[in-house]
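Student: Please take a close look at one part of this model, the nonpolar core and the helices around it. Which residues and elements build it?

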Amino acid sequence: MVDIEEQNRGKSAEISSENLTALIEKAKEGHKRSLGELIGIFQDQIFRMIFYRTRSQMDAEDLTQEVFLRAYKNIHKLSDTFFFRSWLFGIAVNCVRDFHRKRRFFSLFGSDGKVENEEQIYDEDVSLENLLKKEFWECITKLSDQLPNQEREVFFLRFIDHLSIREIAQTLEKNESTIKTHLYRAIKKFKEDEETMRMVEGGL
């Protein structure tokens with residue numbers, strides 16, 4: 001899974017904490033160019049975070065725009081620039097929740113909630129490597145869907161989005177001990193699934 005981890009390293013690692021703080025402070029003051037730079041830094045991270053939860057490129061693109069629109073409208077409320085990343089992920093979590101609530105609502109009126117011509121998570125490349133990756137992510141998705149909401153969200157934020165325990169606690173507005181408990185339970189269930197562990201141990 002090394003290639004996946006490399007893809008998840010956002011551009012935020014390429015900017016110093018001092019410069020990032022300065023950008024956030026200017027954005028809070030209404031400086032649109034600074035906000036644009038912040039979008040450039042965090043856009044890929046937020047898109048991937050949403051994509052893993054919607055499995056739709058089109059929906060992920062729309063929701064990513066919604067996240068930054070909400071951030072633009074509310075950034076003046078951010079009390080501490082140190083928490084910007086977890087604050088931004090918190091907005092993304094809420095956007096995804098709203099998205100799924102709407103799909104469930106429309107399903108009550110006869111719609112299955114699915115978008116026509118939904119983008120698939122993998123290209124139509126039939127190479128062995130891509131087939132194995134597809135099989136791995138299908139397995140992860142199937143198992144994660146069986147987890148309680150909080151366990152699944154914590155697991156994804158930790159291992160897919162690479163947030164620290166502290167950042168996850170801030171994102172979900174929970175204390176760190178609660179986050180650790182949810183994470184421990186999710187990991188235990190993954191380890192108990194033989195198919196998933198066989199793929200992980202195989203290097204995928």
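Tutor: The nonpolar core

The largest nonpolar core has 37 residues, and those with the most contacts inside it are Leu 38, Phe 42, Ile 46, Ile 50, Val 67, Phe 84 and Leu 88. A nonpolar core here is a set of buried Ala, Val, Leu, Ile, Met, Phe, Trp, Tyr and Cys residues joined through side-chain atoms within 4.5 Å. Buried means under 20% relative accessible area, exposed over 50% and partly exposed in between (1.4 Å probe, protein chains only). At least two residues of this core come from each of helix H2 (17-28), H3, H4, helix H5 (84-107), helix H7 (149-159), H8 and H9. H5 gives the largest share, 9 residues. Helices (H or I, at least four residues) are DSSP runs, numbered from the N terminus.

The model is predicted: local features need pLDDT of at least 70, side-chain atom pairs count only at pLDDT 80 or more, and totals for chains, interfaces and linings use all residues. Residues are numbered from 1 along each chain as its sequence is written, and side-chain values use heavy atoms, with hydrogens and water left out.

A second, separate core of 9 residues includes Ile 140, Phe 155, Ile 160 and Phe 190.

Arg 55 is found in the loop between helix H3 (32-54) and helix H4 (57-74). Its phi is near 60 degrees, a positive value in a residue other than glycine, and at 19% relative accessibility Arg 55 counts as buried.

H8 and H9 also supply this core. They pack at an angle of about 105 degrees, with their axes 9 Å apart, which makes H8 roughly perpendicular (65 to 115 degrees) to H9. Axes are lines fitted to C-alpha atoms, for helices over the stretch in contact, and angles run from 0 to 180 degrees between N-to-C directions. Ile 165, Arg 166, Ile 168, Ala 169 and Leu 172 in H8 meet Glu 176, Ile 179, Lys 180 and Leu 183 in H9.

Definitions and conventions:
Angles under 35 degrees count as roughly parallel, over 145 as roughly antiparallel, 65 to 115 as roughly perpendicular and the rest as oblique. Contact means heavy atoms within 4.5 Å.
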